[in-house]
Amino acid sequence: MAGTLYLCATPIGNLEDITLRVLRILKEVDVIAAEDTRQSVKLLNHYGISTPLVSYHEHNKREKTPLLVRRLLEGEDIALVTDAGTPAISDPGEDLVRACYEAGVEVTSLPGASAVVTALALSGMKARRFTFEGFLPVDKKERVPVLERLKQSDCTAVFYEAPHRLIKTLHLLAETVGNDRRAAVCKELTKKHETAQHFTLGEAVSYYEEHEPRGEFVLVIEGADPEELRRERELAWKEIPLQQHMEKYLAEGMDKKTAMKAVAKDRGVSRREIYAALIENG
């Protein structure tokens with residue numbers, strides 16, 4: 001009978017932020033696969049856990065994934081832990097989870113600390129809808145579409161960032177979505193010197209250009225104003241000649257009446273106005 005892969009959430013700072021269930025599973029499994037064994041051994045020593053550790057990280061996942069899956073198929077139970085927080089979110093754990101499902105191995109997640117949710121709660125931003133972007137891509141080709149989505153979205157967005165890249169990232173965000181967009185810059189979450197500073201992006205750039213960033217950061221960026229986005233879309237549509245706008249929807253298979261309704265909605269006017277303008281323009 002195959003074993004089970006346990007995704008165990010571990011503290012993101014304060015060592016007390018761990019569940020009794022996770023502690024029990026870490027003691028009971030055959031092995032713990034850790035993103036950074038040097039980091040994880042501190043937690044295990046703190047709680048007197050002597051379960052064997054193996055490394056599983058971005059640079060060895062191609063080699064280690066089939067080995068761990070084989071051990072699971074042979075009946076061993078394995079706990080997966082990341083450096084901090086919930087595994088398989090913005091880390092190589094997702095590859096192991098996918099491989100387990102493909103092999104028919106049972107996977108279960110033990111909830112606990114998450115930097116994304118902790119920062120979102122601290123931010124005071126709207127949390128009904130949000131996007132988690134992880135680290136902003138270093139490659140420009142990958143980064144540009146992420147920033148463009150952010151500019152056009154009314155969802156709150158959450159990013160991770162390292163201290164040496166923070167100022168550059170804040171500059172990019174301010175240039176893309178505007179200096180006035182509100183942001184919460186959270187660092188050292190759950191630790192003694194935890195902070196959640198609230199700025200506009202322009203203010204955040206100025207502050208960190210004068211104060212050297214230290215610690216690991218989570219950025220929470222407010223979404224764009226929905227009304228402002230609507231006005232921008234309407235203005236963009238109005239740049240297109242009316243007949244060309246109509247042809248777009250007619251080419252998609254709409255009848256004339258439905259196309260006029262769609263054009264009116266795009267432009268923020270009534271269908272009657274569209275009809276009158278089309279008649280006038282012949």
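Let me start with Glu188. At 22% relative accessibility, Glu188 counts as partly exposed, because the buried class ends under 20% and the exposed class begins over 50%. This is a predicted model, so keep that in mind for everything I say. Glu188 is found in the loop that runs between β8, residues 182-187, and β9, residues 195-200. Its backbone is the reason I picked it. Glu188 is not a glycine, yet it has a positive phi of about 50°. As background, most residues other than glycine have a negative phi.

Where do β8 and β9 sit in the strand order? The sheet is open and has 5 strands, in the order β6-β7-β10-β8-β9, with mixed pairing. The edges are β6, residues 130-135, and β9; each has a single partner strand, so one side of each is left without a neighbour in the sheet. From one strand to the next, the twist averages 20°.

Take one pair from that order. Strand β7, residues 156-161, and strand β10, residues 217-221, run antiparallel and are joined by 5 bridges. One of the residues involved is Ala157, whose bridge partner in β10 is Ile221. Helix α7, residues 166-177, packs on the sheet and touches both β7 and β10. The direction of α7 makes about 10° with that of β10.

Last item, a helix pair. Two packed helices are described by the angle between their axes and the distance between the axes. Here the pair is α3, residues 61-73, and α4, residues 93-103. They pack at an angle of about 40°, and their axes are 10 Å apart. That angle makes α3 oblique to α4, because the roughly parallel class covers angles under 35 degrees. The crossing of α3 past α4 is right-handed.

Which residues meet in this contact? From α3 we have Lys61, Thr65, Leu68, Val69, Leu72 and Leu73. From α4 we have Asp95, Leu96, Ala99, Cys100 and Ala103. By type, the residues of this contact divide into 8 nonpolar, 1 polar and 2 charged.

Terms used. Residues are numbered from 1 along each chain as its sequence is written. This is a predicted model: local features need pLDDT of at least 70, side-chain atom pairs count only at pLDDT 80 or more; totals for chains, interfaces and linings use all residues. Side-chain values use heavy atoms; hydrogens and water are left out. Axes are lines fitted to C-alpha atoms, for helices over the stretch in contact, and angles run from 0 to 180 degrees between N-to-C directions. Helices (H or I, at least four residues) and strands (E, at least two) are DSSP runs, numbered from the N terminus. Angles under 35 degrees count as roughly parallel, over 145 as roughly antiparallel, 65 to 115 as roughly perpendicular and the rest as oblique. A crossing is left-handed if the near helix is turned anticlockwise from the far one by less than a right angle, and right-handed if clockwise. Contact means heavy atoms within 4.5 Å. Ala, Val, Leu, Ile, Met, Phe, Trp, Tyr, Cys and Pro count as nonpolar, Asp, Glu, Lys and Arg as charged, and the others, Gly among them, as polar. Buried means under 20% relative accessible area, exposed over 50%, partly exposed in between (1.4 Å probe, protein chains only). Two strands pair if DSSP finds at least two bridges between them.
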